Amino acid sequence: MAVALILLLVAIASVLFHVYSPWWWTPIASNWRYIDDTINLTFWITGAVFCAVIAFMAYCVFRFHHKEGRQPAYNPENKKLEWWLSVGTAIGVVAMLAPGLVVWHQFVTVPADATDVEVVGQQWMWSYRLPGKDGRLGTSDARLVSSENPLGLNPNDPNGQDDVVVQNEDLHLPVGKSVKVLLRSIDVLHDFYVPEFRAKMDMIPGSVTYYWLTPTRTGTFDVLCAELCGAAHAQMRSRVIVEEEKEYHAWLEKQRTFAALSGQRDVAKAAYKTGSK
Amino acid sequence: MVDIPLDQVAGIPPAEVGEVELYHPRSWWTRYVFSQDAKVIAVQYSITAMSIGMVALVLSWMMRLQLGFPGTFSFIDANQYLQFITMHGMIMVIYLLTALFLGGFGNYLIPLMVGARDMVFPYVNMLSYWVYLLAVLVLAATFLVPGGPTGAGWTLYPPQAILSGTPGQDWGIVLMLASLILFIIGFTMGGLNYVVTVLQARTRGMTLMRMPLTVWGIFTATVMALLAFPALFVASVMLLLDRLLGTSFFMPTLVEMGQLAKYGGGSPILFQHLFWFFGHPEVYIVALPAFGIISDLISTHARKNIFGYRMMVWAIVAIGALSFVVWAHHMYVSGMHPYFGFFFATTTLIIAIPTAIKVYNWVLTLWRGDIHLTVPMLFALAFIVTFVNGGLTGLFLGNVVVDVPLSDTMFVVAHFHMVMGIAPIMAVFGGIYHWYPKVTGRMLNDVLGKFHFWVTFIGAYAVFFPMHYLGLLGMPRRYHDIGETSFVPASAHDLNAFMSVAALIVGFAQLVFLFNLVWSLLKGKEAGGNPWGATSLEWQTPETPPGHGNWGKNLPIVYRWAYDYSVPGAARDFVPQNEPPSGVVAQGAHS
């Protein structure tokens with residue numbers, strides 16, 4: 001039966017494609033391995049259901065295709081069977097949902113020792129801000145944006161004077177340190193997306209959103225915008241460079257503070273406690 | 001044999017009220033153009049929806065050309081690409097699928113399937129179509145205005161939707177919102193008709209639990225649409241005010257092209273909540289009619305009763321109700337409060353249970369049937385494959401933490417095309433091949449139909465199944481060109497080219513389908529009144545195509561459910577719903 005065979009082939013080809021095709025997720029570079037695990041678990045459960053349903057359908061088409069004189073069954077319902085199928089489905093759903101919610105709880109619970117890093121999106125570039133030696137970011141407001149103050153930082157906030165501002169250049173992060181990524185936009189929606197980190201979150205003008213992660217390997221990773229932000233959405237790129245603590249500090253030393261950039265006060269270059277916790 | 005008077009047969013209430021006189025057309029214009037007959041309105045809706053759908057199909061070719069062969073076609077740039085995806089999405093979801101399922105199938109099938117002469121408010125029904133046509137024309141006009149159509153994405157998220165960094169900011173977005181407002185007005189007029197007709201105009205004996213599942217699907221979808229579209233309506237009005245009058249419903253303080261814009265205090269997230277409060281039920285507004293149609297196609301062409309009818313009805317109702325408490329699963333990474341994720345992931349995955357029941361019952365209907373592999377049946381089988389595939393990937397995206405890496409990637413595009421693009425289109429095609437003989441009196445050509453089926457099914461699967469893996473790879477959606485990255489291998493570009501070629505072939509097959517529609521109208525095999533041997537009422541009309549008023553002198557009386565196929569001991573392998581049980585005096589003979 002050609003139709004039954006083709007249906008079966010569709011399922012088999014799908015599985016073979018899944019197993020043998022070269023297109024798979026990028027090697028992970030953050031602590032969110034649990035997300036990958038949950039995806040894998042979901043693939044197993046849903047893959048099994050997909051194959052079972054298609055195979056059963058193909059069997060029915062093969063076994064019960066029209067023949068003269070075939071008398072189909074007349075069975076309006078079978079409560080017991082329907083009940084068992086519902087319970088079985090519910091178990092499968094719980095098996096995916098429960099680990100998913102546990103990992104989500106981790107995802108939304110930022111560890112206390114995470115360092116703040118601010119990412120600012122604007123059409124169509126990325127900027128970054130790191131807290132100075134006081135460990136705190138100053139406040140900001142889109143009303144303050146000007147050519148001298150492109151990120152709209154508050155010039156009167158003492159916490160903000162030593163903030164390190166990285167405009168339209170790569171972000172560096174130390175490997176193995178948890179960071180809370182604070183996400184801010186000054187114009188439209190954007191989304192700070194590094195495929196290797198697995199995490200992503202939209203940035204919304206008027207509020208600050210966040211997520212956290214711990215980079216787990218050094219390397220250079222592409223930053224893309226994952227929320228449509230207008231004509232040059234696809235060109236809004238940057239890079240994150242995850243490096244060892246020492247190199248990170250060498251880079252940090254060379255960055256300029258908000259005060260230095262705004263020329264108000266020559267605050268000493270950011271100096272960081274090394275090896276803290 | 002004893003004569004059993006009609007009023008003693010279970011489920012047949014006496015006729016309480018007399019029939020209302022129908023509106024009768026007096027001229028060619030009122031018969032074929034400004035018609036108040038639901039069957040004519042259905043055809044008008046269907047032709048209009050398919051025409052604008054062809055535009056969306058061509059737009060998809062443009063997108064696939066760009067994605068498969070970036071930089072090759074100088075007439076497609078980044079702005080146009082965004083305009084193409086926006087218009088393609090909006091047309092396909094709203095102006096094609098919603099209009100075709102509810103305005104097309106709904107108008108044609110509801111009165112015939114419940115045994116009514118027409119919709120209860122024929123004049124409003126006619127208005128519904130003309131307002132819909134106006135909405136389509138306003139939408140099409142955006143291709144001609146300065147700046148072209150909006151490129152804000154079909155979700156139209158502010159702030160970018162109305163700011164100058166987005167193509168079509170001048171006229172495109174204004175006309176898009178105006179068109180949506182018109183569409184909703186038009187739909188509401190039609191929708192009220194469908195609901196009231198199902199509730200009030202069923203013929204004697206047609207209890208709710210005897211209705212074909214097609215009617216249940218369209219009815220529930222319409223109730224949902226009447227509750228969901230108002231959210232889109234107010235969102236559109238507010239966004240239009242933000243754009244035209246400078247209000248700030250959705251606009252916070254922000255910078256537009258380096259200048260502080262005159263907005264402040266609004267919430268972009270509020271728009272997303274309103275949009276998806278409409279947008280998620282919308283998925284099921286498209287899916288439930290497809291569920292109903294597929295149930296009837298499988299049952300008819302497998303010559304077997306639908307398995308678990310009552311469970312199927314309750315699953316439709318449960319899915320409809322649950323679909324109103326899952327909307328924020330489209331917003332897991334929108335920046336809303338992260339704790340919403342727990343609630344919406346749970347409700348979303350619960351929907352999988354009634355949905356799975358429907359799938360089980362379809363395949364269990366095939367079990368021990370007598371499966372005729374007609375073109376409608378083939379499309380029904382393809383619906384199950386694509387719907388199961390797309391439904392299962394929904395379990396990835398609904399499970400909040402799994403959604404985080406996948407959202408806004410090609411995985412999402414692949415998922416929703418499979419589940420609410422390809423699957424419902426399979427139901428549309430199956431439905432058209434199934435009911436075309438009733439609408440025109442002629443069969444669609446079988447050879448062309450099978451060619452259309454195989455190319456469309458295998459081709460569409462070849463486009464969208466591999467697309468999931470580009471998403472896993474991390475390729476974002478709404479990119480006209482991925483450009484230089486460190487993580488996308490060259491082989492992914494080959495895959496994109498393959499998908500584009502498959503998409504163009506699928507597109508070509510649709511031309512064969514259109515040719516078949518026209519050719520069979522003139523040269524198709526005569527169908528007769530009931531070519532499939534179906535039980536439901538629309539196949540029992542005295543004339544084919546059904547005449548004005550559908551039923552001749554007397555309304556049909558319904559004695560049984562719509563799924564009496566292969567009843568043991570029956571003379572034929574189907575018993576029409578209006579065939580009296582033995583001993584009951586035939587209709588008209590008893591007064």
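Reader: How do strand β1 and strand β2 of chain A pair, and over how many bridges?
Author: Strand β1 (residues 115-122) and strand β2 (residues 125-130) of chain A pair in the antiparallel sense over 5 bridges, where strands are DSSP runs of E of at least two residues, helices are runs of H or I of at least four, both numbered from the N terminus, and pairing needs at least two DSSP bridges between two strands. This is a predicted model, in which local features need pLDDT of at least 70, side-chain atom pairs count only at pLDDT 80 or more, and totals for chains, interfaces and linings use all residues. Residues are numbered from 1 along each chain as its sequence is written, while chains are lettered from A and ligands numbered from 1 in the order in which they are written.

Reader: What stands opposite Gln122(A)?
Author: Met125(A), in β2(A), stands opposite Gln122(A).

Reader: And which sheet order do we have in chain A?
Author: An open sheet of 6 strands runs β8-β5-β1-β2-β3-β11 in chain A, with mixed pairing; its edge strands, β8 (209-213) and β11 (256-257), each pair on one side only.

Reader: Switching topic, is Val223(B) buried or exposed?
Author: Val223(B), found in helix α6 (residues 213-244) of chain B, counts as buried because it has 21 C-beta neighbours inside 10 Å, the cut-offs being 20 or more other C-beta atoms within 10 Å for buried, 12 or fewer for exposed and partly exposed in between, with C-beta atoms placed from the backbone.

Reader: What does Val223(B) touch?
Author: Leaving out residues up to four places away in sequence, Val223(B) touches Val195(B) and Gly320(B), contact meaning C-beta atoms, placed from the backbone, within 7 Å.

Note on methods:
Contact = placed C-beta atoms within 7 Å.
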